[in-house]
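Q: Can you walk me through this structure? I would like to start with the overall layout and then go into details.

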Amino acid sequence: MTVITKQPVSPIAHLTPEDVEQIGVELDAIRQDVLDARGEEDAAYIRTVVDVQRKLELGSRAVLLGSALPPLWVLGTIGLSVAKILENMEIGHNVMHGQWDWMRDPKIHSTTWEWDNASTAEGWKHSHNEVHHTYTNIVGKDNDLGYGIMRVDEDQRWHPFHLGQPLWNFINACFFEYGIAAYDLELGKNLSVPKEKRSEEFKANARKTLAKIRKQATKDYVVHPALGLPFGAVLPIVAANFTANLVRNLWSHSVIMCGHFPEGVETFERKSIPADETRGQWYVRQMLGSANISGSKAMHLMTGNLSHQIEHHLFPDLPSSRYAEVAPRVQALFEKYDLHYHSAPLPQQVASAWHKVVRLSLPNGWLATTTPKNLPEQLKLLWGMSTKGPKVRRAAQARLVQLEKRQKAARAEKAAASA
Amino acid sequence: MTSTALYAPQPRKGWRQRLRAVADAAVTPLDLDDVLDHFHPLRGGTELRGRVVEVRPETAESATVVLKPGRDWAGHVPGQYVRVGVDVDGVRLWRTYSLTHGPRRDGCISITVKAIPGGVVSNHLVHRVRPGTMVQLGQAEGEFVLPDPLPAKLLLVTAGSGITPVIGMLRNLHSRAEAPDTDIVLVHVNASESSAIFRDELRAHGDAGRLRLVERYDDRDGLLDVAALDALVPDLDERLSYACGPAGLLDALEAHHAGRGLPLTTERFRTPLLEAAEGGAGGTLTLSDGTTVDAAGDTPLLDVAEGAGALMPSGCRIGVCFGCVLPLREGVVRDLRNGEVTVAAPGDGVAIQTCINAAAGPCTIDN
């Protein structure tokens, strides 16, 4: 997507400043209704989910002791995968958001929670809660836009490196928890600094992350396999843990991609955000910058209710179990102000996000201006852009964009003429 | 140059600790306790909790809650109190209640709660709590206990729920195989006969000759004037006095006894006096290093603390990221977004977002 300020018609051009503030007021009212209603049932909900998750994980690990028998391996691995997904999505992510801090239970609190993931709670809370949720979809400020390794917006400059991004994205999906850990540490940026000049803060955080990874790996790949030794299940247990981690990684990566990457989700220019952004303006940015996944209750649970990404971004600290109930009111508000409520089933959103990753792995306009007839020429151009340095790249890029614009105009004219 | 520490024998880890380390490694990032709590929350070695065994109504507005405490309950002396953390509408709230039994044979403890009008926790405990509910517990505390050996003559003055620590003492004394050789007078003051907690039990004690019960009811006898105590208890000067009740009565008694040079032990129930300042007014902020600064009612505590030169955790500064959450040791704060007031007494364990909360009275935070 192009940042909204550079689109021919901004999707919020029709909103007056008063409208924007009124949206803020109406969303605050929805939030307040949930705060007023929040209580015993919500507390019982999260405690039940935590209880079920822990027993499911324990049970699955017990079943895996017998995983020398293939049916038990399958059963235990499914259970462990589901447990790990629940732990990360519906529990960890949401507890660390402070969604359950109001219960004043130190055991289920954003300040004490640590999750089953390579990244530390502390690192995650900084990069996710603080940076991503505050600067959502502002190109250059929200690192979630491509995690620093991908180009997911027209306004991120194309580099030949991006040609490989479908592959990077797939690898990142498989090892997503490590990707998150590296991302929380801003590993790329920090490693490019000479060793002696790296900040103490980075070094301390890196040490903490390595310690966490060691503990996580020891659990999954040493302790539990060792427990399986008497049952001849060492290797099956290693395989089961690896599979469960892989499944959890692929699933959480897909869900998170669906939140902000599908085609049609808006992005924002850094300089278009005023320093004193009002609550209404912040809300509108969250409304346009997120996409929902429609589906069953089970699907919502397994995504940690991030299927209600729009509601989550508007109210990141409300209990996840309440998003489904406020969604119709939020959607009505979108309609009232003629804004696009981006929601689609999971396969569609995943496909859309992947389409964007592939499309933007190529220079802007390249895919649109390529036909079977001019393919050799276009490939030559791409080769040139990839190998002949920034100058050639810029010139070719300008030409491509111009060509695309001209083709579009011609098509529009033709359509007008035939109408 | 040698250090003795270098050659000191390393303490050998016992097999239990090793086993524990393996178990912890198997459930990281949790520890073993987090997992075991799901199966046996009352075992030893974990946080102290209690399970409600029975809720017995005492009057229309009071009830005795019998609790099975966790294994680590260290016992108590009658007259002591306990801090109880109760989840009301999903929110954990801590209150202090006197223990109303001596040590019981079944290992249970009990508290007797009077529902105060508008009291969130007391009404919940009296009217809503059901057997099976889990609560958090502290260990027994308090100095309001009878001396050992007992004096020959004792005067107990209680008003309203002030009977609760005293009933524990009495039950304990009279459950002994050998009756105590102490002459006890109990002056029990209540608003009316029907609101008197343990009325029948106390009368039974009186009828059995275990104590002399003086019942005073405000609606019948008028408010108790401590100067009239001599008329009720002629040998007042010979008695060791214990009193528990509202502050007004205790103040008057203390003045009365001090004037006569008589010893008096009192127990005051902490009443939460914390209320939000009127009309959005601010208060003060006290930080961990003892610095106290003025805190305006419209300025986030984060800004106030930083203005005072304190190093504070912070993040988005708009209430979204929870990167600024710190314990509010004591005080009242107001959420600048919706005006919601949060009150914290010491030990409540309330954590607040400092970036969207402003002082609404004196506040102390741990930074």
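A: What follows goes from the domains to the sheets, then to a helix, a single residue and the contact between the chains.

Q: What kind of model is this?
A: It is a predicted model.

Q: How is chain B divided into domains?
A: Chain B has domain 1 (14-45), domain 2 (49-137), domain 3 (153-267) and domain 4 (278-365). The C-alpha centres of domain 1 and domain 3 of chain B are 48 Å apart.

Q: And chain A, which domains does it have?
A: Chain A is split into domain 1 (4-324) and domain 2 (365-418). Their C-alpha centres lie 37 Å apart.

Q: Back to chain B. What are its spans along the principal axes?
A: The C-alpha trace of chain B spans about 70 × 60 × 55 Å. Its secondary structure comes to ten helices and 18 strands. Of the 367 residues in chain B, 36% are buried. Among contacts in chain B with a separation of 6 or more, 65% are between residues 24 or more positions apart.

Q: Which strands form the six-stranded sheet, and in what order?
A: The order is β4-β3-β6-β1-β2-β5 in chain B, in an open sheet with antiparallel pairing. The edge strands are β4 (91-98) and β5 (109-114) of chain B, each of which pairs on one side only. On average, neighbouring strands of this sheet are turned by 40° against each other, direction ignored.

Q: How many bridges are there between β3(B) and β4(B)?
A: Strand β3 (residues 81-88) of chain B pairs with β4(B) over eight bridges, in the antiparallel sense. Within that pairing, Arg83(B) has Thr96(B) of β4(B) as its bridge partner.

Q: Now the five-stranded sheet. Is the pairing parallel or antiparallel?
A: The pairing is parallel, in an open sheet with the order β9-β8-β7-β10-β11 of chain B.

Q: Which strands stand at the edges there?
A: β9 (212-217) and β11 (264-267) of chain B do. Each has a single partner strand, so one side of each has no neighbour in the sheet. Neighbouring strands of this sheet are turned by 15° against each other on average, direction ignored.

Q: How many bridges join β10(B) to β11(B)?
A: Four bridges join strand β10 (residues 240-244) of chain B to β11(B), and the two run parallel. Ala243(B) stands opposite Thr266(B) in β11(B).

Q: Which strands does helix α5 of chain B touch?
A: Helix α5 (residues 163-175) of chain B packs on the sheet and touches β7 (153-159), β8 (183-190), β10 and β11 of chain B. The direction of α5(B) makes about 145° with that of β7(B).

Q: And α9(B)?
A: Helix α9 (residues 247-260) of chain B also packs on the sheet, touching β7, β10 and β11 of chain B. The direction of α9(B) makes about 170° with that of β11(B).

Q: What does β12(B) pair with?
A: Strand β12 (residues 283-286) of chain B is joined by four bridges to strand β13 (residues 292-295) of chain B, antiparallel. Gly283(B) has Ala295(B) as its bridge partner in β13(B). Three bridges also join β12(B) to strand β18 (residues 362-365) of chain B, and that pair runs parallel. There, Thr284(B) stands opposite Pro362(B).

Q: Which residue in the β12(B)-β13(B) hairpin takes a positive phi?
A: Gly290(B) does, with phi near 90°. The hairpin has five residues between the strands.

Q: Switching to chain A. Which residues of α5(A) are buried?
A: In helix α5 (residues 165-174) of chain A, Gln165(A), Asn169(A) and Asn172(A) are buried. They lie on the same side of α5(A) because they cover an arc of only 65° around the axis. Their cover includes α6 (176-184), α9 (234-260) and α14 (346-359) of chain A.

Q: Where is Val20(A), and what does it touch?
A: Val20(A) is found in helix α1 (residues 17-37) of chain A. Leaving out residues up to four places away in sequence, it touches Leu15(A), Gly280(A), Gln281(A) and Val284(A). Val20(A) and Val284(A) are 264 residues apart in sequence but 7.0 Å apart in space, C-alpha to C-alpha.

Q: Why does Val20(A) count as partly exposed?
A: Because it has 18 other C-beta atoms within 10 Å, and a residue counts as buried at 20 or more and as exposed at 12 or fewer.

Q: Last one: how many residues does each chain give to the contact?
A: Chain B gives 24 residues and chain A gives 38 residues. The elements of chain B that give two or more residues are α2 (15-27), β4 and β16 (350-353). The largest share on that side, three residues, comes from α2(B). By class, the side of chain B that touches chain A has 14 nonpolar, seven polar and three charged residues.

Conventions. Residues are numbered from 1 along each chain as its sequence is written. Chains are lettered from A and ligands numbered from 1 in the order in which they are written. This is a predicted model: local features need pLDDT of at least 70, side-chain atom pairs count only at pLDDT 80 or more; totals for chains, interfaces and linings use all residues. Two strands pair if DSSP finds at least two bridges between them. Axes are lines fitted to C-alpha atoms, for helices over the stretch in contact, and angles run from 0 to 180 degrees between N-to-C directions. Domain bounds come from an automatic or database domain assignment. Two residues are in contact if their C-beta atoms, placed from the backbone, lie within 7 Å. The arc is that of the directions from the helix axis to the C-beta atoms. Ala, Val, Leu, Ile, Met, Phe, Trp, Tyr, Cys and Pro count as nonpolar, Asp, Glu, Lys and Arg as charged, and the others, Gly among them, as polar.
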